[in-house]
Amino acid sequence: MTVWSLHAPRSARLVDKIVIQGGVALEGTVVASGAKNAALPLLFACLLTDKPCRLRRVPDVADIRTTRNLLQTLGATIEEVGPHELIIDCSQVVEAEAPYELVRKMRASFLALGPLVARFGRGRVSKPGGCAIGTRPIDMHLAGFERLGAKINETHGYIEAVSKRLQGGHFIMEMPSVGATENVMLAAVLAEGRTRIENAAREPEVVDLAAALSKMGANIQGAGSSIIEIEGVDSLGGYDHEVIPDRIEAGTYLIGAAITRGQVRVEGARAHDLSMLLECLEAAGATVETQADSVTVGSTARARAVDIVTAPHPGFPTDLQAQWMALMTLADGRARVAERIFENRFMHVPELARMGAHIVSSGGEAVITGCEQLSGAPVMATDLRASVSLVLAGLAASGYTEVLRVYHLDRGYERIEEKLGALGARVARVPV
Ligand code: EPZ
């Protein structure tokens, strides 16, 4: 029985592993799922209204299931009305506390606070812990709420934000935090008066949130630029919205084409969201072809070494850093990777080294000296994007690779073994 005929039931167990027999070039088309990091704030935005919201192209990943559980805990009802389509009704949510046991599983749960205090005058959310990639503080979120007149209390591991009616304010962010931009937007749309956010995050997921909030009746200008202006309104309606495609998932498969020297077309990918990655792939010698609703990357030779420095959008995405590093482990030459967003996002380095990669890292800098061949090995996933970089390395390596603790992958990649299998990869999810 070949290993790739084994499939655990879809309800992925915590200890499943992904087994890969490397050396196969990925060939074919894969459809991008909805963006996890857009769907999460879009789901929390439903807390702002007592009208139903319809959300389409919702990815079926663990973080979305966690968010649905949290919203239902707060009193929302959520109905699956089609594949990847939900109707969310928060009319029964009266006041709310986001409990530790759910918030600790997913830092993005903190995005509940902005809409709760905006709609109910009070929100209480467990402080998100740090996570594998860093301490992940929330100081900018809290500074933003205080600019809007909220009183912040921190007790027993919970953050409470209270305000009879939030007031529009002027908020200059120390750095363009995606979450803080989204949380302040989610609060300011129901504040009294005008809010101006400077040094706002410009990510496509922020733009998608603003588009949905506008459909609800919010008055938002400038999303996608570093200055967002919001004129608060007294109440909001529902939305009917389709989540943008996941640029990080798409970028992952496109790097997969380059590392295996194949050709992959990602249907639904938006080239504009991926411009920095596509430039780097072309510099590394891959061919890039963009259409209105797809991007194709192909390669027939060893990648050239190309340096990257992660930066806020439109710079090189930190969420693709680990995947790029996997490609550079097989490049012809020496590449530098600088991680400037998170303080501990190199946990894939020792695992890639187990597969034969030559990487020297110190602090947020790594130098990768490309080698001719990686060799498959059992490796340990540690966080979402580090995990998928090990899968990419396993696809290119000789022999078998086993990626353990697959639950990290399941947080953000929908049906990854099926999508890779459809591209010709010899991969299977195996219960441990
Ligand atoms: C979002 O996280 C994404 N998550 C992350 O994706 C992504 O890596 C990150 O943005 C950067 O693009 C979601 O959208 C759910 P930040 P977020 O606030 O909002 C520091 C993935 O793999 N900071 O832009 O938490 C922070 O510690 C995940 O899908 C503060 O210091 O990121 C980090 O160093 C991982 N104080 C930097 O800013 C704050 O109040 C960027 O964080 C907030 C953030």
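Leaving aside its neighbours within four places in sequence, with which residues is Ser387 in contact? The model is a predicted one, and in it Ser387 is in contact with Ala381, Thr382, Val403, His408 and Leu409. Ser387 itself belongs to helix H12, which covers residues 384-396. Its relative accessible area is 0%, so Ser387 counts as buried.

Strand S21 has pairing partners in S19 and S20. Strand S19, residues 334-338, pairs with S21 in the antiparallel sense over 5 bridges. Strand S20, residues 358-362, also pairs with S21 in the antiparallel sense, over 5 bridges. S20 and S21 form a hairpin with 2 residues between them. In that turn, Gly363 has a positive phi of about 60°.

Next come the aromatic rings. A pair of aromatic rings is described by the distance of the centres and the angle of the planes. A search of the whole structure finds 1 aromatic pair. It is formed by Phe316 and Trp324, at 5.9 Å centre to centre and with 70° between the planes, an edge-to-face arrangement. Phe316 and Trp324 are both buried. Another ring, that of Tyr158, has Arg124 over its face, at 4.4 Å from the ring centre.

How does the radius of gyration of the protein agree with that of a compact globule, and what is its value? For 432 residues, a compact globule would have a radius of gyration near 22 Å, and the protein has 22 Å, so the two agree. Taken along the principal axes, the box filled by the C-alpha atoms is roughly 65 × 45 × 40 Å. The secondary structure comes to 14 helices and 24 strands.

Of the 432 residues, 56% are buried. The accessible surface comes to about 16300 Å², and carbon and sulfur atoms account for 50% of it. Among contacts between residues at least 6 apart in sequence, 74% join residues at least 24 apart.

Notes. Residues numbered from 1 in each chain as written. Predicted model: local features only at pLDDT ≥ 70, side-chain atom pairs only at ≥ 80, totals over all residues. Heavy atoms only, no water. Phe/Tyr/Trp six-rings, centres within 6.5 Å; stacked < 30°, edge-to-face > 60°. Buried < 20%, exposed > 50% of the residue type's maximum accessible area, 1.4 Å probe, protein only. Lys NZ or Arg CZ within 6 Å of the ring centre and 35° of its normal. Helix = DSSP H or I, 4+ residues; strand = E, 2+ residues; numbered from the N terminus. Rg over C-alpha atoms; globule rule 2.2 N^0.38 Å. Contact = heavy atoms within 4.5 Å. Areas by Shrake-Rupley, 256 points an atom, 1.4 Å probe, with all protein chains shown as cover. Pairing = 2+ DSSP bridges.
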